[in-house]
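Subject: Structure handover

Hello,

Here is the structure we talked about. Please load it before reading on.

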Amino acid sequence: MDNTPGALATISESLGREGVNVRAISVADTSDRSTVRFVFDDPEKAKNMLIANGYTPKETEVLAVEIPDHP
């Protein structure tokens, strides 16, 4: 995506309107472009929403592990 103010917020709001939950996110940016990696609760729904909004998502399988969150 373009590295401009509000670009990530626009995607996040669109995902929220569609009821897609973001489980994890990673962002790598340069001065003009950003690569954003998401882990969604509903990858197919998220992919369709991104395509419908003009983005070109790429899918990669990941392994997610839940661990207890305590001191």
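First, the ground rules. This is a predicted model, in which local features need pLDDT of at least 70, side-chain atom pairs count only at pLDDT 80 or more, and totals for chains, interfaces and linings use all residues. Residues are numbered from 1 along each chain as its sequence is written, and side-chain values use heavy atoms, with hydrogens and water left out.

Pockets

The search ran on a 1 Å grid over the protein atoms alone. A pocket is an open set of points where a 1.4 Å probe fits, with protein on both sides within 12 Å along at least five of seven lines. Lining residues have an atom within 4 Å of a point. Points are joined across faces, edges and corners, and a volume is the space filled by probe spheres set on them.

The largest pocket holds about 870 Å³ of space. Its lining has 22 residues, and Val-36, Arg-37, Phe-38, Pro-57 and Lys-58 lie nearest the centre. Both β2 (34-40) and α2 (43-52) supply at least two lining residues each. Here helices (H or I, at least four residues) and strands (E, at least two) are DSSP runs, numbered from the N terminus. β2 gives the most, with seven residues. By class, the lining has eleven nonpolar, four polar and seven charged residues. Nonpolar covers Ala, Val, Leu, Ile, Met, Phe, Trp, Tyr, Cys and Pro; charged covers Asp, Glu, Lys and Arg; the others, Gly among them, are polar.

The second largest pocket holds about 180 Å³. Its lining is Arg-23, Ala-24, Val-39, Val-62, Leu-63, Ala-64 and Glu-66. That is five nonpolar, no polar and two charged residues.

Strands

β1 (residues 22-29) and β2 run antiparallel, joined by seven bridges. Strands pair if DSSP finds at least two bridges between them. The two form a hairpin with four residues between them. Ala-24 stands opposite Val-39 in β2, and Asp-29 stands opposite Ser-34 in β2.

Core

The largest nonpolar core has ten residues: Met-1, Ala-7, Ile-11, Leu-15, Val-20, Phe-38, Phe-40, Ala-46, Met-49 and Leu-50. Buried means under 20% relative accessible area, exposed over 50%, and partly exposed in between (1.4 Å probe, protein chains only).

Leaving aside neighbours within four places in sequence, Val-20 is in contact (heavy atoms within 4.5 Å) with Leu-15, Phe-40, Asp-41, Asp-42, Lys-45 and Ala-46.

Single residues

Ser-14 is in helix α1 (residues 7-17). It counts as buried because its relative accessibility is 9%. Beyond four places in sequence, Ser-14 is in contact with Met-49 and Asn-53.

Ser-34 lies in β2. This serine is buried too, at 10% relative accessibility. Outside four places in sequence, Ser-34 is in contact with Met-1, Asn-3, Ala-28 and Asp-29. Ser-34 and Ala-7 are 27 residues apart in sequence and 9.7 Å apart C-alpha to C-alpha.

Gly-54 lies in the segment after α2. Gly-54 counts as exposed because its relative accessible area is 62%. Its C-alpha is 19 Å from that of Val-22, 32 residues apart along the chain.

Best wishes

Conventions: A nonpolar core is a set of buried Ala, Val, Leu, Ile, Met, Phe, Trp, Tyr and Cys residues joined through side-chain atoms within 4.5 Å.
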